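Subject: Structure for your files

Dear colleague,

Here is the structure I said I would pass on.

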Amino acid sequence: MVKFSLHTANLDLVPPTPEDLEAVLAACQDPEIQRWVPIPVPYLRAHALEYVTAHTDKTWDEGSEYTWTIRADGMLAGVVGLYRMGNGSADLGFWMVPAFRGRGLLHEACTAVLDFSLADGPDGLGLVRIGWNAYAGNTGSARVAQKLGFRFEGTARLGAALRGELRDDWGASLLASDDRSVQAWPILH
């Protein structure tokens, strides 16, 4: 698929480019991103270069992953990605730079990606299911997914690995037929 951007009232969602190298490298030094996102630690310049060039080009070409940088006020605010699983489903993943957290921007960016993903016809992918997963304890990510209308499905005990360590994994989903209203999640009080 040819790379394309999405736009919202406050954001531009743009596929990563080599110009994002320094901003991605700096963002991935954040201890919270390293704690919850399965990136290499230490996160080196070579990792950022691979991410903003070859990795992103390959996954867009294959149609296996669509990744956008979230730009607010002309700056890298975060990343949102859609990872195609086949059979009309995909997983949603995201992270935000600390200075942009807590402002509703991640919800806005993810809404744009969900709108595109679930739309039928030439303006969308026509997916029927979007999954979300996070390591247990990542309440920030869980709150975003909850506000997007995802339905909590449970905890897979030691169901995911992070840098060789098994961890509990939270899971939720959003179906194209769901109304996207905020749902009660037992893990969030």
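The notes below cover the salt bridges and then one serine. Please keep in mind that this is a predicted model.

Searching the whole structure gives eleven salt bridges. Three of them are described here.

Asp30 pairs with Arg101, with 2.6 Å between the closest N and O atoms. This joins distant parts of the chain, 71 residues apart: Asp30 is in the loop between α1 and α2, and Arg101 is in the loop between β5 and α4. Asp30 is buried at 13% relative accessible area, while Arg101 is partly exposed at 34%.

Arg129 and Glu153 form a salt bridge with an N to O distance of 3.0 Å. Arg129 belongs to strand β6 and Glu153 to strand β7, so the pair ties together parts 24 residues apart in sequence. Arg129 is partly exposed, with 29% relative accessibility, and Glu153 is partly exposed as well, with 48%.

Asp179 and Arg151 form a salt bridge, their closest N and O atoms being 3.3 Å apart. Because Asp179 lies in the segment after β8 and Arg151 in strand β7, this pair ties together parts 28 residues apart in sequence. Asp179 is exposed at 57%; Arg151 is partly exposed at 23%. Through shared partners, Arg151, Asp178 and Asp179 form one salt-bridge network.

Now the serine. Ser89 is in strand β5, which spans residues 89-96. Ser89 has a relative accessible area of 16%, under the 20% cut-off, and therefore counts as buried. The Ser89 side chain comes to 2.9 Å from the backbone oxygen of Gly86. Beyond neighbours within four places in sequence, Ser89 contacts Arg84, Leu127 and Arg129; Arg129 is the residue paired with Glu153 above.

Regards

Technical notes: Residues are numbered from 1 along each chain as its sequence is written. This is a predicted model: local features need pLDDT of at least 70, side-chain atom pairs count only at pLDDT 80 or more; totals for chains, interfaces and linings use all residues. Side-chain values use heavy atoms; hydrogens and water are left out. Helices (H or I, at least four residues) and strands (E, at least two) are DSSP runs, numbered from the N terminus. Buried means under 20% relative accessible area, exposed over 50%, partly exposed in between (1.4 Å probe, protein chains only). A polar contact is a pair of N or O atoms within 3.5 Å; within protein, one must be able to donate a hydrogen and the other to accept it, and residues adjacent in sequence count only if both atoms are side-chain atoms. Contact means heavy atoms within 4.5 Å. A salt bridge is a side-chain nitrogen of Lys or Arg within 4 Å of a carboxyl oxygen of Asp or Glu.
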